[in-house]
Amino acid sequence: MTLTLILALLATFTPITAQTYNPTPENLKARQEFADSKFGIFLHWGLYSMFAQGEWYMNRGIDSKEYAKAADAFYPHRFDAESWVSAIKASGAKYICFTSRHHEGFSMWDTKQSDYNIMNTPYGRDVIRQLADECHRQGIKLHLYYSHIDWTREDYPAGRTGRTTKSLDNPDWRGYYDFMNAQITELLTQYGEIGAIWFDGWWDHDSDSTAFDWELPYQYELVHRLQPACLVGNNHHQTPFEGEDIQIFERDVPGQNKAGLSGQEISRLPLETCQTMNGMWGYKVADQNYKSTTELIRLLVQTSGKGANLLLNIGPQPDGTLPETALARLSDIGQWLSANGEAIYGTESGGYADGEKVVTTRKGNRLFIHVIDETVGSLNIPIEGKVKSVVSFAGQTALDYKFRDGHLTMEVIIPADTPDYIIEVTLK
Ligand code: GLC
(Lines give C-alpha, C1' and ligand atoms only; values in the text may rest on other atoms or scores of the structure.)
Protein backbone atom coordinates (compact mmCIF):
# COMPACT_ATOMS: atom_id res chain seq x y z
CA MET A 1 0.00 0.00 0.00
CA THR A 2 1.40 3.40 -0.88
CA LEU A 3 1.83 6.09 1.74
CA THR A 4 -0.69 8.31 -0.03
CA LEU A 5 -3.26 5.57 0.12
CA ILE A 6 -2.65 5.00 3.83
CA LEU A 7 -3.00 8.72 4.51
CA ALA A 8 -6.19 8.90 2.47
CA LEU A 9 -7.65 5.96 4.40
CA LEU A 10 -6.69 7.51 7.72
CA ALA A 11 -8.36 10.77 6.74
CA THR A 12 -11.61 8.95 5.98
CA PHE A 13 -11.66 7.50 9.46
CA THR A 14 -10.91 10.72 11.36
CA PRO A 15 -14.02 11.34 13.44
CA ILE A 16 -15.60 14.79 13.24
CA THR A 17 -15.21 15.21 16.99
CA ALA A 18 -11.47 15.17 16.55
CA GLN A 19 -11.68 18.68 15.12
CA THR A 20 -9.90 21.06 17.38
CA TYR A 21 -11.64 24.07 18.84
CA ASN A 22 -10.34 27.35 17.51
CA PRO A 23 -11.40 30.19 19.77
CA THR A 24 -12.42 33.34 17.90
CA PRO A 25 -10.53 36.62 18.36
CA GLU A 26 -13.47 37.95 20.49
CA ASN A 27 -13.19 34.89 22.67
CA LEU A 28 -9.44 35.27 23.11
CA LYS A 29 -9.94 38.91 24.06
CA ALA A 30 -12.60 37.92 26.59
CA ARG A 31 -10.24 35.32 28.06
CA GLN A 32 -7.58 37.97 28.56
CA GLU A 33 -10.06 40.37 30.18
CA PHE A 34 -11.19 37.55 32.42
CA ALA A 35 -7.64 36.68 33.42
CA ASP A 36 -6.92 40.33 34.17
CA SER A 37 -10.02 40.80 36.32
CA LYS A 38 -8.83 38.54 39.17
CA PHE A 39 -11.91 38.85 41.36
CA GLY A 40 -15.56 37.90 40.92
CA ILE A 41 -18.53 37.24 43.19
CA PHE A 42 -20.51 34.01 43.00
CA LEU A 43 -24.18 34.14 44.02
CA HIS A 44 -26.08 30.96 44.85
CA TRP A 45 -29.72 31.94 44.97
CA GLY A 46 -32.65 29.71 44.17
CA LEU A 47 -35.64 28.00 45.70
CA TYR A 48 -33.22 26.23 48.06
CA SER A 49 -32.58 29.59 49.73
CA MET A 50 -36.12 29.37 51.12
CA PHE A 51 -35.24 26.27 53.15
CA ALA A 52 -32.09 27.98 54.43
CA GLN A 53 -30.19 24.66 54.48
CA GLY A 54 -27.81 25.13 51.56
CA GLU A 55 -28.36 24.26 47.89
CA TRP A 56 -28.03 20.50 48.40
CA TYR A 57 -30.96 20.31 50.83
CA MET A 58 -33.26 18.46 48.44
CA ASN A 59 -30.73 15.66 48.07
CA ARG A 60 -31.43 14.62 51.65
CA GLY A 61 -34.21 12.42 50.37
CA ILE A 62 -36.81 15.17 50.02
CA ASP A 63 -39.62 14.44 47.57
CA SER A 64 -39.34 16.89 44.68
CA LYS A 65 -43.09 17.53 44.58
CA GLU A 66 -43.20 18.44 48.27
CA TYR A 67 -40.11 20.59 47.85
CA ALA A 68 -41.69 22.42 44.90
CA LYS A 69 -44.41 23.78 47.20
CA ALA A 70 -41.88 26.35 48.34
CA ALA A 71 -42.26 28.00 44.93
CA ASP A 72 -45.77 29.00 45.88
CA ALA A 73 -44.37 31.00 48.78
CA PHE A 74 -41.28 32.47 47.12
CA TYR A 75 -41.56 36.19 47.62
CA PRO A 76 -38.15 37.84 48.11
CA HIS A 77 -39.69 41.24 48.75
CA ARG A 78 -36.38 42.93 49.52
CA PHE A 79 -34.58 41.84 46.36
CA ASP A 80 -33.07 44.84 44.66
CA ALA A 81 -30.66 44.15 41.81
CA GLU A 82 -29.24 47.64 42.03
CA SER A 83 -28.13 47.29 45.64
CA TRP A 84 -26.62 43.84 45.02
CA VAL A 85 -24.67 44.99 42.00
CA SER A 86 -23.57 48.24 43.70
CA ALA A 87 -22.26 46.41 46.77
CA ILE A 88 -20.46 43.87 44.62
CA LYS A 89 -18.97 46.49 42.36
CA ALA A 90 -17.74 48.42 45.38
CA SER A 91 -15.90 45.28 46.54
CA GLY A 92 -13.67 45.57 43.50
CA ALA A 93 -15.13 42.45 41.87
CA LYS A 94 -15.22 42.61 38.07
CA TYR A 95 -17.90 40.02 37.46
CA ILE A 96 -20.83 38.25 39.05
CA CYS A 97 -21.62 34.59 38.51
CA PHE A 98 -25.26 33.83 39.23
CA THR A 99 -26.98 30.45 39.55
CA SER A 100 -29.56 30.43 36.77
CA ARG A 101 -30.69 26.90 37.57
CA HIS A 102 -29.10 24.72 40.22
CA HIS A 103 -29.35 20.96 40.80
CA GLU A 104 -32.84 21.38 42.32
CA GLY A 105 -34.08 22.25 38.82
CA PHE A 106 -35.78 25.59 39.52
CA SER A 107 -35.11 28.30 36.92
CA MET A 108 -34.57 31.86 38.10
CA TRP A 109 -35.72 33.40 34.81
CA ASP A 110 -38.76 33.55 32.55
CA THR A 111 -38.00 30.31 30.75
CA LYS A 112 -40.46 28.91 28.27
CA GLN A 113 -38.95 25.43 28.60
CA SER A 114 -40.42 24.58 32.00
CA ASP A 115 -43.10 25.89 34.34
CA TYR A 116 -40.85 25.35 37.31
CA ASN A 117 -39.52 28.89 37.31
CA ILE A 118 -39.55 32.22 39.09
CA MET A 119 -42.51 33.57 37.09
CA ASN A 120 -44.75 30.98 38.72
CA THR A 121 -44.18 32.25 42.25
CA PRO A 122 -46.00 35.05 44.07
CA TYR A 123 -42.94 37.17 43.26
CA GLY A 124 -43.35 36.56 39.54
CA ARG A 125 -40.46 38.65 38.25
CA ASP A 126 -37.50 37.57 36.16
CA VAL A 127 -34.43 37.77 38.41
CA ILE A 128 -31.95 37.25 35.61
CA ARG A 129 -33.52 40.07 33.61
CA GLN A 130 -33.12 42.43 36.55
CA LEU A 131 -29.57 41.34 37.25
CA ALA A 132 -28.51 41.41 33.60
CA ASP A 133 -29.94 44.89 33.09
CA GLU A 134 -28.28 46.18 36.24
CA CYS A 135 -24.92 44.57 35.46
CA HIS A 136 -24.96 46.08 31.99
CA ARG A 137 -25.94 49.48 33.42
CA GLN A 138 -23.14 49.41 35.99
CA GLY A 139 -20.60 47.90 33.60
CA ILE A 140 -19.84 44.65 35.42
CA LYS A 141 -19.88 41.29 33.66
CA LEU A 142 -22.56 38.70 34.31
CA HIS A 143 -21.68 35.00 34.20
CA LEU A 144 -24.31 32.32 34.52
CA TYR A 145 -23.96 29.10 36.44
CA TYR A 146 -25.95 26.30 34.80
CA SER A 147 -26.37 22.83 36.32
CA HIS A 148 -26.24 19.75 34.13
CA ILE A 149 -28.02 17.89 36.93
CA ASP A 150 -31.73 18.10 37.63
CA TRP A 151 -33.15 16.50 40.76
CA THR A 152 -36.74 17.31 39.77
CA ARG A 153 -37.14 16.48 36.08
CA GLU A 154 -37.88 12.88 35.37
CA ASP A 155 -36.14 12.99 32.00
CA TYR A 156 -32.73 13.68 33.58
CA PRO A 157 -30.90 10.33 33.68
CA ALA A 158 -30.01 10.30 37.37
CA GLY A 159 -26.41 9.83 38.36
CA ARG A 160 -25.06 9.26 41.81
CA THR A 161 -26.98 12.18 43.43
CA GLY A 162 -30.66 13.00 43.77
CA ARG A 163 -31.72 9.37 43.51
CA THR A 164 -34.32 9.68 46.24
CA THR A 165 -35.87 12.96 45.15
CA LYS A 166 -38.12 11.89 42.27
CA SER A 167 -39.41 8.98 40.27
CA LEU A 168 -36.51 7.67 38.24
CA ASP A 169 -38.63 5.83 35.75
CA ASN A 170 -38.49 8.09 32.72
CA PRO A 171 -34.93 9.01 31.85
CA ASP A 172 -34.86 10.55 28.40
CA TRP A 173 -31.45 11.96 27.64
CA ARG A 174 -32.41 13.29 24.21
CA GLY A 175 -35.38 15.20 25.63
CA TYR A 176 -33.37 16.51 28.56
CA TYR A 177 -30.44 17.54 26.37
CA ASP A 178 -32.75 19.43 24.03
CA PHE A 179 -34.37 21.11 27.05
CA MET A 180 -30.98 22.27 28.34
CA ASN A 181 -29.91 23.57 24.96
CA ALA A 182 -33.19 25.46 24.57
CA GLN A 183 -32.65 27.03 28.00
CA ILE A 184 -29.06 27.94 27.20
CA THR A 185 -30.31 29.50 23.97
CA GLU A 186 -32.78 31.64 25.94
CA LEU A 187 -30.06 32.77 28.33
CA LEU A 188 -27.72 33.71 25.51
CA THR A 189 -30.23 35.44 23.26
CA GLN A 190 -32.53 37.35 25.59
CA TYR A 191 -30.31 38.95 28.22
CA GLY A 192 -27.64 40.77 26.27
CA GLU A 193 -23.98 40.01 26.75
CA ILE A 194 -23.23 37.09 29.06
CA GLY A 195 -19.59 36.78 30.10
CA ALA A 196 -19.51 33.04 30.75
CA ILE A 197 -21.56 29.90 31.15
CA TRP A 198 -20.34 28.03 34.21
CA PHE A 199 -21.42 24.42 33.95
CA ASP A 200 -21.58 22.11 36.95
CA GLY A 201 -22.61 18.54 37.60
CA TRP A 202 -20.53 16.47 35.16
CA TRP A 203 -19.26 14.52 38.17
CA ASP A 204 -22.79 13.16 38.76
CA HIS A 205 -21.84 10.47 36.27
CA ASP A 206 -18.13 10.30 37.03
CA SER A 207 -18.25 6.69 38.09
CA ASP A 208 -19.66 5.84 34.64
CA SER A 209 -18.08 8.76 32.80
CA THR A 210 -16.69 6.58 30.05
CA ALA A 211 -20.14 5.18 29.37
CA PHE A 212 -22.14 8.37 29.87
CA ASP A 213 -21.85 10.93 27.10
CA TRP A 214 -22.87 14.45 28.13
CA GLU A 215 -22.50 15.58 24.50
CA LEU A 216 -20.55 18.61 25.59
CA PRO A 217 -18.92 19.51 22.24
CA TYR A 218 -22.22 20.47 20.61
CA GLN A 219 -23.37 22.36 23.70
CA TYR A 220 -20.11 24.29 23.91
CA GLU A 221 -20.31 25.01 20.21
CA LEU A 222 -23.87 26.31 20.74
CA VAL A 223 -22.65 28.73 23.41
CA HIS A 224 -19.86 30.00 21.17
CA ARG A 225 -22.15 30.25 18.16
CA LEU A 226 -24.68 32.37 20.07
CA GLN A 227 -22.07 34.54 21.78
CA PRO A 228 -18.52 33.99 20.54
CA ALA A 229 -17.03 35.95 23.43
CA CYS A 230 -18.93 33.96 26.05
CA LEU A 231 -16.47 31.84 28.01
CA VAL A 232 -17.23 28.20 28.67
CA GLY A 233 -16.17 26.77 32.02
CA ASN A 234 -17.08 23.45 33.59
CA ASN A 235 -16.64 22.54 37.24
CA HIS A 236 -15.87 18.92 36.43
CA HIS A 237 -12.68 18.78 38.52
CA GLN A 238 -10.74 17.46 35.50
CA THR A 239 -8.16 19.06 33.25
CA PRO A 240 -10.11 21.13 30.71
CA PHE A 241 -12.01 19.45 27.90
CA GLU A 242 -11.96 20.55 24.29
CA GLY A 243 -14.09 23.66 23.79
CA GLU A 244 -13.58 25.13 27.25
CA ASP A 245 -12.14 28.60 27.71
CA ILE A 246 -11.32 28.67 31.41
CA GLN A 247 -10.27 26.14 34.03
CA ILE A 248 -12.16 26.00 37.30
CA PHE A 249 -10.89 24.82 40.69
CA GLU A 250 -13.36 24.25 43.50
CA ARG A 251 -12.35 25.34 47.00
CA ASP A 252 -8.64 25.20 46.25
CA VAL A 253 -6.03 27.51 44.87
CA PRO A 254 -4.61 25.85 41.72
CA GLY A 255 -1.86 23.46 42.75
CA GLN A 256 -3.37 22.83 46.18
CA ASN A 257 -5.73 20.02 46.96
CA LYS A 258 -6.99 20.47 50.50
CA ALA A 259 -10.64 19.98 49.64
CA GLY A 260 -10.01 16.84 47.61
CA LEU A 261 -11.45 18.09 44.31
CA SER A 262 -8.34 19.53 42.72
CA GLY A 263 -5.76 16.93 41.81
CA GLN A 264 -6.04 17.83 38.13
CA GLU A 265 -3.24 19.37 36.13
CA ILE A 266 -3.10 23.12 35.71
CA SER A 267 -3.73 24.05 32.08
CA ARG A 268 -2.70 27.14 30.17
CA LEU A 269 -6.26 28.47 30.13
CA PRO A 270 -7.27 31.33 32.43
CA LEU A 271 -7.82 29.90 35.91
CA GLU A 272 -10.51 30.46 38.48
CA THR A 273 -10.83 29.24 42.05
CA CYS A 274 -14.28 29.31 43.60
CA GLN A 275 -14.58 29.44 47.35
CA THR A 276 -17.27 30.17 49.94
CA MET A 277 -17.23 33.18 52.25
CA ASN A 278 -18.59 30.98 55.05
CA GLY A 279 -18.99 27.21 54.63
CA MET A 280 -21.89 26.71 52.23
CA TRP A 281 -22.79 27.98 48.75
CA GLY A 282 -26.54 28.44 49.16
CA TYR A 283 -27.83 30.29 52.24
CA LYS A 284 -27.70 28.10 55.33
CA VAL A 285 -29.20 29.51 58.49
CA ALA A 286 -26.77 27.75 60.83
CA ASP A 287 -23.65 28.70 58.91
CA GLN A 288 -22.17 31.86 60.40
CA ASN A 289 -18.68 30.54 59.99
CA TYR A 290 -17.44 33.46 57.90
CA LYS A 291 -13.80 33.77 56.96
CA SER A 292 -12.28 36.97 58.32
CA THR A 293 -11.50 39.90 56.06
CA THR A 294 -7.80 39.14 56.46
CA GLU A 295 -8.32 35.51 55.44
CA LEU A 296 -10.31 36.54 52.38
CA ILE A 297 -7.76 39.11 51.27
CA ARG A 298 -5.01 36.52 51.68
CA LEU A 299 -7.01 34.05 49.64
CA LEU A 300 -7.40 36.61 46.86
CA VAL A 301 -3.69 37.35 46.96
CA GLN A 302 -2.82 33.65 46.89
CA THR A 303 -5.02 33.02 43.85
CA SER A 304 -3.48 36.04 42.11
CA GLY A 305 -0.06 34.59 42.93
CA LYS A 306 -1.09 31.55 40.88
CA GLY A 307 -2.28 33.81 38.08
CA ALA A 308 -5.85 32.73 38.91
CA ASN A 309 -9.09 34.56 39.70
CA LEU A 310 -10.98 34.22 42.95
CA LEU A 311 -14.72 33.66 42.57
CA LEU A 312 -15.95 34.31 46.10
CA ASN A 313 -19.40 33.07 46.99
CA ILE A 314 -22.31 34.63 48.85
CA GLY A 315 -25.65 32.93 49.52
CA PRO A 316 -28.40 35.56 49.36
CA GLN A 317 -31.17 35.19 51.95
CA PRO A 318 -34.81 34.15 51.42
CA ASP A 319 -35.96 37.80 51.57
CA GLY A 320 -33.66 38.70 48.67
CA THR A 321 -30.94 40.53 50.60
CA LEU A 322 -27.27 39.67 50.96
CA PRO A 323 -26.29 38.68 54.52
CA GLU A 324 -24.95 41.56 56.62
CA THR A 325 -21.60 39.89 57.27
CA ALA A 326 -21.16 39.28 53.55
CA LEU A 327 -21.86 42.97 52.88
CA ALA A 328 -19.29 43.95 55.50
CA ARG A 329 -16.67 41.67 53.89
CA LEU A 330 -17.43 43.09 50.44
CA SER A 331 -16.90 46.59 51.72
CA ASP A 332 -13.62 45.68 53.48
CA ILE A 333 -12.23 43.92 50.43
CA GLY A 334 -13.26 46.89 48.31
CA GLN A 335 -11.31 49.28 50.53
CA TRP A 336 -8.29 47.05 50.38
CA LEU A 337 -8.45 46.65 46.61
CA SER A 338 -8.87 50.36 46.01
CA ALA A 339 -5.52 50.87 47.74
CA ASN A 340 -3.74 47.73 46.50
CA GLY A 341 -5.51 46.68 43.31
CA GLU A 342 -2.53 47.81 41.26
CA ALA A 343 -0.63 44.77 42.56
CA ILE A 344 -3.55 42.42 41.75
CA TYR A 345 -5.56 43.40 38.66
CA GLY A 346 -3.94 42.76 35.31
CA THR A 347 -1.06 40.86 36.89
CA GLU A 348 0.22 37.40 36.16
CA SER A 349 1.88 34.98 38.50
CA GLY A 350 5.27 36.26 39.59
CA GLY A 351 6.55 32.69 39.67
CA TYR A 352 8.04 32.60 43.15
CA ALA A 353 6.04 31.53 46.20
CA ASP A 354 6.88 30.26 49.66
CA GLY A 355 3.90 28.08 50.53
CA GLU A 356 1.13 30.23 51.95
CA LYS A 357 3.51 32.79 53.40
CA VAL A 358 4.83 34.69 50.41
CA VAL A 359 3.50 34.89 46.86
CA THR A 360 4.39 37.07 43.90
CA THR A 361 2.51 38.79 41.10
CA ARG A 362 3.98 40.55 38.13
CA LYS A 363 3.09 43.28 35.68
CA GLY A 364 5.70 44.03 33.03
CA ASN A 365 8.95 44.86 34.79
CA ARG A 366 7.26 45.27 38.17
CA LEU A 367 7.35 42.33 40.53
CA PHE A 368 5.11 42.48 43.60
CA ILE A 369 6.16 40.42 46.58
CA HIS A 370 3.17 39.76 48.83
CA VAL A 371 4.03 38.78 52.38
CA ILE A 372 0.86 37.26 53.77
CA ASP A 373 2.09 35.76 57.01
CA GLU A 374 3.19 37.91 59.94
CA THR A 375 5.84 35.39 61.01
CA VAL A 376 7.96 36.09 57.92
CA GLY A 377 11.06 38.02 59.03
CA SER A 378 13.27 37.86 55.97
CA LEU A 379 13.14 37.07 52.27
CA ASN A 380 15.45 35.27 49.89
CA ILE A 381 13.92 35.32 46.43
CA PRO A 382 15.45 34.16 43.15
CA ILE A 383 15.03 36.81 40.51
CA GLU A 384 15.77 36.65 36.82
CA GLY A 385 17.31 39.80 35.40
CA LYS A 386 18.55 42.72 37.47
CA VAL A 387 16.96 44.70 40.26
CA LYS A 388 16.59 48.44 39.76
CA SER A 389 14.73 49.41 42.93
CA VAL A 390 12.86 47.93 45.89
CA VAL A 391 10.18 49.94 47.65
CA SER A 392 7.28 49.30 49.98
CA PHE A 393 4.21 49.41 47.78
CA ALA A 394 2.09 51.35 50.30
CA GLY A 395 4.44 54.27 50.96
CA GLN A 396 6.70 53.92 47.90
CA THR A 397 9.61 54.31 50.33
CA ALA A 398 12.94 52.71 49.47
CA LEU A 399 13.79 49.51 51.36
CA ASP A 400 17.19 48.02 52.19
CA TYR A 401 18.03 44.94 50.16
CA LYS A 402 20.87 42.92 48.74
CA PHE A 403 20.91 41.46 45.28
CA ARG A 404 23.61 38.88 44.73
CA ASP A 405 23.90 35.80 42.49
CA GLY A 406 20.36 36.23 41.24
CA HIS A 407 18.92 36.37 44.74
CA LEU A 408 17.15 39.25 46.42
CA THR A 409 17.58 39.13 50.19
CA MET A 410 16.12 41.50 52.74
CA GLU A 411 14.74 41.81 56.23
CA VAL A 412 11.01 42.37 56.49
CA ILE A 413 9.19 44.42 59.09
CA ILE A 414 5.46 44.03 58.67
CA PRO A 415 3.34 46.90 60.04
CA ALA A 416 0.56 45.80 62.41
CA ASP A 417 -2.79 44.78 60.93
CA THR A 418 -1.45 44.28 57.42
CA PRO A 419 -3.17 41.36 55.67
CA ASP A 420 -0.70 41.64 52.80
CA TYR A 421 2.61 43.49 53.06
CA ILE A 422 3.53 44.33 49.48
CA ILE A 423 7.05 45.00 48.30
CA GLU A 424 7.44 46.36 44.80
CA VAL A 425 10.55 45.41 42.90
CA THR A 426 11.33 47.17 39.65
CA LEU A 427 13.45 45.10 37.32
CA LYS A 428 15.88 46.49 34.81
C1 GLC B 1 -20.31 21.92 43.79
C2 GLC B 1 -21.66 21.78 44.44
C3 GLC B 1 -22.57 22.86 44.02
C4 GLC B 1 -21.95 24.21 43.97
C5 GLC B 1 -20.64 24.19 43.27
C6 GLC B 1 -19.96 25.52 43.34
O7 GLC B 1 -20.34 21.47 42.48
O8 GLC B 1 -22.26 20.57 44.09
O9 GLC B 1 -23.68 22.85 44.85
O10 GLC B 1 -22.82 25.03 43.28
O11 GLC B 1 -19.81 23.22 43.80
O12 GLC B 1 -18.61 25.41 43.09
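# Briefing: helices, salt bridges and cores

At the start of helix α6, a side-chain oxygen of Asp126 comes to within 3.0 Å of the backbone nitrogen of Ile128. The model is predicted. Its salt bridges number 18, and its largest nonpolar core holds 85 residues. That core lies between domain 1 (3-345) and domain 2 (349-427), because both give residues to it.

**Helix α6**

- Helix α6 covers residues 127-138, and its end C-alpha atoms are 16 Å apart. This agrees with the 16 Å that 12 residues should span at 1.5 Å a residue.
- Eight positions are named here as buried: Val127, Ile128, Gln130, Leu131, Ala132, Glu134, Cys135 and Gln138.
- Ile128, whose backbone nitrogen is approached by the side chain of Asp126, is among the buried residues of the helix.
- Just after α6, Gly139 has a positive phi of about 70°.

**Helix α8**

- In helix α8 (residues 216-226), the buried residues are Leu216, Gln219, Tyr220, Leu222, Val223 and His224.
- These residues pack against helices α2 and α7 and against strands β4 (196-200) and β5 (231-234).

**Salt bridges**

- Within helix α2 (residues 25-37), Lys29 and Glu33 are 4 residues apart, about one turn of the helix. Their side chains form a salt bridge with an N to O distance of 3.4 Å.
- Lys29 is exposed, at 56% relative accessible area, whereas Glu33 is partly exposed, at 37%.
- Arg101 and Asp150 form a salt bridge through their side chains, at 3.0 Å from N to O. The pair links distant parts of the chain, since Arg101 is in strand β2 and Asp150 is in the loop between β3 and α7, 49 residues apart.
- Arg101 is buried, with a relative accessible area of 0%, and Asp150 is likewise buried, at 0%. Both values fall under the 20% cut-off for burial.
- A further salt bridge joins the side chains of Asp110 and Lys112, at 2.9 Å from N to O.
- Asp110 is partly exposed, with a relative accessible area of 26%, while Lys112 is exposed, at 62%.
- Four residues, Glu342, Lys363, Arg366 and Glu424, are linked in a salt-bridge network.

**Nonpolar cores**

- In the largest nonpolar core, the residues that touch the most other members are Phe39, Ile41, Leu43, Phe98, Val127, Tyr146 and Ile197. Helix α7 gives the most to this core, with 8 residues.
- Val127 is one of those residues, and it is also one of the buried residues of α6.
- Ile41, another of them, touches Ile88, Ser91, Ala93, Tyr95, Ile96, Cys97, Leu311, Leu312, Ile314 and Leu330, leaving out residues up to four places away in sequence.
- Another core, of 18 residues, lies apart from the largest one; Val371, Ile381, Val390 and Val412 are among its members.

**Two loop residues**

- Ser107 is in the loop between β2 and α6, where it is buried, at 0% relative accessibility.
- Beyond its neighbours within four places in sequence, Ser107 is in contact with Ser100, Arg101, Tyr116, Asn117, Ile118 and Gln183. One of these, Arg101, is the residue that forms a salt bridge with Asp150.
- Pro318 is in the loop between β8 (308-314) and α10 (324-340), and at 26% relative accessibility it is partly exposed.
- Not counting residues up to four places away in sequence, Pro318 touches Ser49, Met50, Phe74, Pro76 and Tyr283.
- Pro318 and Pro382 are 64 residues apart along the chain, and their C-alpha atoms are separated by 51 Å.

Conventions:
Residues numbered from 1 in each chain as written. Predicted model: local features only at pLDDT ≥ 70, side-chain atom pairs only at ≥ 80, totals over all residues. Heavy atoms only, no water. Expected span 1.5 Å × (residues − 1). Buried < 20%, exposed > 50% of the residue type's maximum accessible area, 1.4 Å probe, protein only. Polar contact = N/O pair within 3.5 Å; in protein donor to acceptor, adjacent residues only side chain to side chain. Core = buried A, V, L, I, M, F, W, Y, C linked by side-chain atoms within 4.5 Å. Domains from an automatic or database assignment. Contact = heavy atoms within 4.5 Å.
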